[in-house]
Amino acid sequence: MSETDEQAENLPEDTETEEGTTDYATETTSYLDEEEESVKSIYDQANFISGPKVSQDSSLGLDLLEFDFSFGYDCLKYFNLTVLDEKTVVFSSGNFIQFLNVETKEITLRRSALGGGIGHIRKNGNPEFPYFAVAECGDNPIIILYVWPTLEIVCVLKGGAFKTYANLDFNPDGDLLVSQSGDPDYLITVWDWQHHTILLRTKSYVNDVYRVKFSPYVAGQITTCGLAHIKFWKMASTFTGLKLKGELGRFGKTEYSDIVGVLPMPDAKVVSGCSWGNILVWDDGLITFEVFRSLRRKCHEAPIVQFYYLEGELWTISMDGHVKVWWFEKIDQADPPDDDRVILVDPTYDFYTPGVKLMSIEKRNSRDSGDTFWYAQDGNGGIWLIDLNTEDEPKPSQQLYKCHGGKVTGLAACPYGNYIATLGELGTLYLYNYITKDRVLDYTFPAPGVCLIWLPQEIDLTGEILLAAFGDGQIRVICLHIPDINSGEDRIILHVPQTIKPHSKPVTTMSVNSKGTILVSASEDSTIFVFKVDVHSHQSLLIPIGFFPTTDIVSCITWHHELENEVLLGCVHGQMMQISLPTEEQPYTGVSFKLELRPQCNTFTTYKSQIKRDNKIRQIEEKKAKKVAKKREEMERIKKENPGLEIDEETFLADSETEEELEPLFFPEVPNRIIWLKYTPFDTIWLSMAGYDAGYIYEYYIDQKDPVPIKFRFLDGAHEMEVSTYTYTQNREYLIFAMQDGSIRVNKVNPDDYTDLTNYFTIAMHDNQNGFVPKLCFSYDEKYLFSCGHDGNIFSYKFNPEDYKFPKTFSRLYRPEHYCSSVPDSDVAEKLSLEEVKIKAEENKIQKLANEHKSKIRDVLKSLKERYKKLLISNSKLLPSQIIPREELEPDDRVAQYVDQIFADKVEIVRRKLAFDVEKSKIQVTKLQNYFTSPCDRHTVLVHGINNPDCAIITVRQRKMPPIFYEMFDIIEQKLKEEEGKGRPPERALPAQKAIIAKIDKTESPLEFFLLSLTPEDIAYRLGPKLTRLLDKYRGRRLKWEKRSWEAKLEHKSDSKNPIPLIGA
């Protein structure tokens, strides 16, 4: 390592001077002087490439797993596309820097330096510096500046982050670099990269920061934005040194929003996007106004991720696939009213690429103003070349690179050829030839993909059948006809001969037993569905047997290694279920598919805290034992030097230190998920847990009562790390793990101890933060290994074990003609599941029988009615003496009473049967009303405009005030009335003085001013005996004084009515 690296490890410590500022004046000056000599340091590129690792005393070679190719990249990662020159773009793929030549479609890769993933890649915009910066992730990550195209390393920067970097940016002159780190420190750091030094560093925010950007116009102005915030920074020179001052943006009346796109303007204002697609204009830390289109339509239908300002025009790039151009002068000069800070502006140009989710764009040739082509990162999978020509008709967009958008959820290898099939969360199915590195087929399903199975040749000799599970609850049978090499055909045909919906919610996983006779699928509706597999008929491959409700949502499925119909289920909250499944349709499933099964159940109980405590106790005991042994040696030495000296051995060997306090046992509030489980050769169960319990492999019996596992094995080198999935080689000589940090771990199985996992090989591959690997699989000949991840990457590796016997390959049963045909396939939310279809059919059958019975009754009644009418007519034609009175032809009342009584008895029986449920429902409704509706005085009402449905008014829910509020309200009203009455003239006195005095009552006296802060209950019951006596005494004296004053007033009034006669009158 060069001298620069050694000095970078000792970067000056930052000194916090005030909130949001950092002082580096003292340290930086001396450090710059030392670095002047190291600017020309030469770095060895080989030292900055991470590689595989093996365990201590491992028998495995470093070439056991050799990286072969990458079939995708993380296209949902913000700003994961950088243009290096007109023909080359670069992006990160897990632990690789991937270079794409857009003309030749050639891909070259370079591994990360630390093996912790790539945070961000940014090119220096100044042509004097042909460099691009790569921010690595990992423990104490670094930033490396490469020369393009030689990839020589010119600079290595250290000390800007603790774990990860989120974003980088160069200033317009290219001599400064700003970096934003991620969790847990969230530091913003300004670098003088030419001198390998930190100029400024401070904490940016407490949550994720997506973007950091230098102002292209105002020197020293930086803007950061991210999760529900935006922050404005200024680099200021003071007499104490250079400082970085930050001001958090205040949203005011605008709703808080995540911000991705941001651009400082020439007048020091800042424009940003928001989560609902509008433009926000900021000035002095406040939102000046919000920009809408006319009629208050949103500027975009998705968040804005980027802005560009070109010749007075503001360009906005959004995830909705639109690039819009706005005349900024019209926005800048707008002066909306203070009570509605909104302006309405329409774009002058609108470029749209259908089906594209724009995550970032960069100009193909930034130096050529006449070049209107831009490279675009597509969040739905791929890279595009789009023409943004505002003068002539733009050319159609061209897709340069295509891959999965988002998570890759399924992976399966062809059982006879050099193909792998992958399934993405967007419903895309891709078929790759991993030898030629070509994508030979792509197909899109109308639902998000969950998992994928390619039936092996032991089950299906043709090797054409794939099973795919989806988020709409359906399982689709895929028939893939790949022509034989000698047939002369090159077209691959895909058909979907069967779609079946066993679940009403998304499928979580599915699995086929080793014999290929049973398929089990699990879903978020907490059920499993069992199918019989008939490979002889591709049109009806899956024959429903029935479903069984589980204790919780099933997260993983495995099969017994000997019993073909015994399945083991793991659930999301630690439950395990072992079930013996039927292999044929059951006779009792005519009405419902529900199976009558008797599962064996057990629940994982967290034990990791106890393991840690036991390890701690063992360490303490070992420490004490060493201390006692040392004291014993000292005691023997003293005895030898002083013969005859008596020493109390117990006192001498006693430990003088206090006992170390042990941490309390920890139990997660929510039990953790079982990631996978499997049977061992001894019919025990291996468990891999998520969350707190990760880092160990636990072993249980399914029927054991003791919650303590019978065995547990700590995974060396994987502390607190989940094992996301696993696979064995065919001879079970190697066990491959996919780890939580995206690395691949190959364990050499110890034939004498199957729990021994200490002999292993590991290599970092997928993204360390977002690289969950749901699937691993080998090629048909086990010469290649494949992995797919939630970071959108698909990696292939060459498997090179020593002294290994690869499995034999079998030729497939090739059919020149493709017999499968597709059925209509759609993602219909109203489509019923198999159980719902059966229930509906049964209901329809019952309804049909009921309708037939009603029809028969109606026919009988109609016939009786006609006979009755004829009888009345015949009776009316008889002689008067022979006519039977109408009353006698009416049915006997006792018959009607009898029928009514029978009906009433039946109703009473039903009422008694349902009494408990009715009462329970009433109590539930009452509780819900008391909790949600009764406390509310006003409920939420939403009113939409008839002509303009987007215009709406909503009322605010208001709770009822407590009784004490109304009591205090009455007291305050009384006080107000008294204040109002003070200035009024006295009213005419009542005729009787006693009546007036009688109305002066103690209870009607106004409340004392020193009791206004107390409630009536406190005054009446909580003052205590002493204060109550004093208050009564005070009120009695006040009442006596008031009576005296009233008497004096009345005497004065009576004297005025009888005036004293004047002398001499």
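Start with strand S26 (residues 313-318) and strand S27 (residues 322-327): five bridges join them, and they run antiparallel. Ile317 has Val323 in S27 as its bridge partner. Before I go on, the ground rules. This is a predicted model, where local features need pLDDT of at least 70, side-chain atom pairs count only at pLDDT 80 or more, and totals for chains, interfaces and linings use all residues. Residues are numbered from 1 along each chain as its sequence is written, and side-chain values use heavy atoms, with hydrogens and water left out.

Terms next. Strands (E, at least two residues) and helices (H or I, at least four) are DSSP runs numbered from the N terminus. Two strands pair if DSSP finds at least two bridges between them.

Back to the sheet. S26 and S27 belong to an open, antiparallel sheet of four strands, ordered S25-S26-S27-S29. Which strands stand at the edges? Strand S25 (304-310) and strand S29 (349-352) do; each has a single partner strand, so one side of each is left without a neighbour in the sheet. Neighbouring strands here are turned by 15° against each other on average, direction ignored. Those angles come from axes fitted as lines to C-alpha atoms, for helices over the stretch in contact, and run from 0 to 180 degrees between N-to-C directions.

Now a second sheet. It is also open, with four strands in the order S5-S6-S7-S8 and antiparallel pairing. Its edge strands are strand S5 (82-85) and strand S8 (107-111), each pairing on one side only. S5 pairs with strand S6 (residues 88-93) over three bridges, antiparallel. Val83 stands opposite Val89 in S6.

On to the backbone. Most residues other than glycine have a negative phi, and most peptide bonds are trans. There are exceptions to show you. A cis peptide bond joins Trp148 and Pro149, with omega about 10°. Pro149 sits in the loop between strand S11 (142-147) and strand S12 (153-158). Asp183 and Pro184 are also joined by a cis peptide bond, omega again about 10°. Pro184 is in the loop between strand S14 (177-181) and strand S15 (187-192).

Then phi. His196 is not a glycine, yet its phi is positive, about 60°. That residue lies in the loop between S15 and strand S16 (197-203). Buried or exposed? His196 counts as buried, because its relative accessibility is 3%. The cut-offs: buried means under 20% relative accessible area, exposed over 50%, partly exposed in between, with a 1.4 Å probe and protein chains only. Asp683 also has a positive phi, near 60°. Its loop runs between strand S50 (674-679) and strand S51 (685-689). Asp683 is partly exposed, at 41% relative accessible area.

Last, the helix. Helix H8 (residues 893-933) has 41 residues, but its end C-alpha atoms are only 49 Å apart, short of the 60 Å a straight helix would reach at 1.5 Å a residue. That expected span is 1.5 Å times one less than the number of residues. Where does H8 bend? At Leu914, by about 50°. The bend is the angle between axes fitted to the seven residues ending at a residue and the seven starting there.
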